[in-house]
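My notebook is open, and I'm jotting down what I look up as I go.

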Amino acid sequence: MEETISNIPEDKVFDLVVVGGGAAGLMAAGTAARDGRSVLLIEKMEKTARKVNITGKGRCNLTNMCPPEEFLGKVRANADFFAHSFKTFTPNATCHFFKKQGVKLEEEAGRRIFPKGGKAYEISDALRWWCSDHGVVVMLNTKVEQILTAAGRTYGVMYTNKRGFRRKAEGRAVLISTGGASYPATGSTGDGYRLASEVGHTIVPVRPSLVALRSDHPKMKDLIGLRLKNIRASLSVDGEEAASEFGEIEFSTRGIDGPVILRMSRAAVDAVIDEKKVEVALDLKPALNEDTLRARIARELEELDPQAFAIELLRKMLPRNLVYFVADSAGVHPKTYAAKLSGEDIGRLIAAMKRVVFPIVDYGPWEQAIVTAGGVSTDEVDPETLQSRVIKGLYFAGEVLDLDADTGGYNLQIAFSTGRLAAQMK
Ligand SMILES: Cc1cc2nc3c(=O)[nH]c(=O)nc-3n(C[C@H](O)[C@H](O)[C@H](O)COP(=O)(O)OP(=O)(O)OC[C@H]3O[C@@H](n4cnc5c(N)ncnc54)[C@H](O)[C@@H]3O)c2cc1C
């Protein structure tokens, strides 16, 4: 379906050269071509939209239908800047767009939208068709090396073609949509930051976000495989609470993971980089306060065999991997007779269940981060057009900008909205 070329005629000047064929680049290229512009899309991988295909665990959570204020609240940097793009192309418009391309959609919990067929490739295929239907010229296996400028204006790019030769592609405008630096195997290796900074743009330092956190708690290994639902996690930085979230977490070889931790990871990563003291504290029984938890323990003790050990009491209240962990944290020997637990022992067990503290010393690498925080500074880009304020005719869209959001379909919507606005080439 993807019709591609390897070389372009030397005298050809495109209206728009799009650098990077991900969610933002494909949306922009097809839109500009539909509006009658000649468009060249250059993609360095052997196929476009590789990252889209792995989104939402292969199912692609393409947007979120929550109210606009709530949506913008999920954008963790420069939400005001993004608001202009968002207004131009809303989640409703995204759904309408994909439905028109023949993709059936459905809404799931948390107002998240997925293709009904459950396959992310329905979304990447729809974007590719959108481009080919409107005559976008696509070059694959081709890496853009440099943005060409003269007298404060861009006139194209230098690229290395698939045979390793450097060539020029001329364009009246250039769009950088090279994505972030996360999951580099998909092609998003942060090239756009260098391309933009070489022509004078400021790059807000990039760091992994929506990523697992690593603790040096001595018992971390014992918890691998544990998944906890309905717990409260609180993030503290230098002793001050920085975030508190309710939901699901997971312990894996990556560290402490799961939706709640991913949402907190942006603040935690920044604090670790700043060498602050970072801790995640888990409340394993958030629905019970200390008194109601004490009453629950008393009820469990009444029902227990008089010869039962403390460990059996904990088994009735906690997942398997946490039983010894909590006994140990509370300093209660697992083989103490439950009936002989003192008021103090019970107090320590309650404290251990209400607050399990994990010191955070590191975070997952780029290979595991869902998005990139930081990027091309939005101060130097016009939010109403996405044109550079530094180089005329240069535009930006997608994750290469200093825009990132929570999980839930918000990041792809950022790519679609900014791609759509940039394509207007105002
Ligand atoms: C595992 C995972 C799951 C995710 N799940 C979701 C989800 O369900 N919902 C959601 O909203 N978001 C999700 N995201 C985030 C979302 O995928 C990204 O935010 C989005 O793809 C960014 O779009 P983009 O077009 O800016 O960049 P990308 O999609 O990364 O595309 C950039 C493209 O530019 C190309 N490129 C880079 N440098 C060059 C160069 N020098 N020359 C030519 N081409 C170049 C790359 O090869 C790539 O194809 C997920 C991310 C990951 C990693």
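I started with β7, which is joined to strand β8 (residues 153-160) by seven bridges, the two running antiparallel. My reminder on names: helices (H or I, at least four residues) and strands (E, at least two) are DSSP runs, numbered from the N terminus. Two strands pair if DSSP finds at least two bridges between them. I looked up L148 and found G156 in β8 as its bridge partner. β7 and β8 make a hairpin with two residues between them, and A151 in the turn shows a positive phi of about 50°.

Before going on, I noted that this is a predicted model: local features need pLDDT of at least 70, side-chain atom pairs count only at pLDDT 80 or more, and totals for chains, interfaces and linings use all residues. Residues are numbered from 1 along each chain as its sequence is written.

Next I checked an open sheet of three strands, ordered β3-β5-β4 with antiparallel pairing. β3 (63-64) and β4 (105-108) are the edge strands, each pairing on one side only. I found two bridges between β3 and β5 (residues 112-115), and T63 stands opposite I113 in β5.

Then the ligand: which residues come nearest to it? Of the 38 around it, they are G20, G22, G179, G187 and G398. A residue counts as near if its C-beta atom, placed from the backbone, lies within 6 Å of the molecule or strand in question. β7 turned up again here: along with α1 (23-34), α2 (50-54) and α13 (410-422), it supplies at least two residues of the shell. I sorted the shell into 15 nonpolar, 16 polar and seven charged residues. For this, Ala, Val, Leu, Ile, Met, Phe, Trp, Tyr, Cys and Pro count as nonpolar, Asp, Glu, Lys and Arg as charged, and the others, Gly among them, as polar.

Eight residues from domain 1 and nine from domain 2 make the contact (C-beta atoms, placed from the backbone, within 7 Å). On the domain 1 side, I listed three nonpolar, two polar and three charged residues.

One more contact list: leaving aside neighbours within four places in sequence, L175 touches L16, V18, V19, G25, A28, Y395, A397 and A422.

Definitions and conventions: Contact = placed C-beta atoms within 7 Å.
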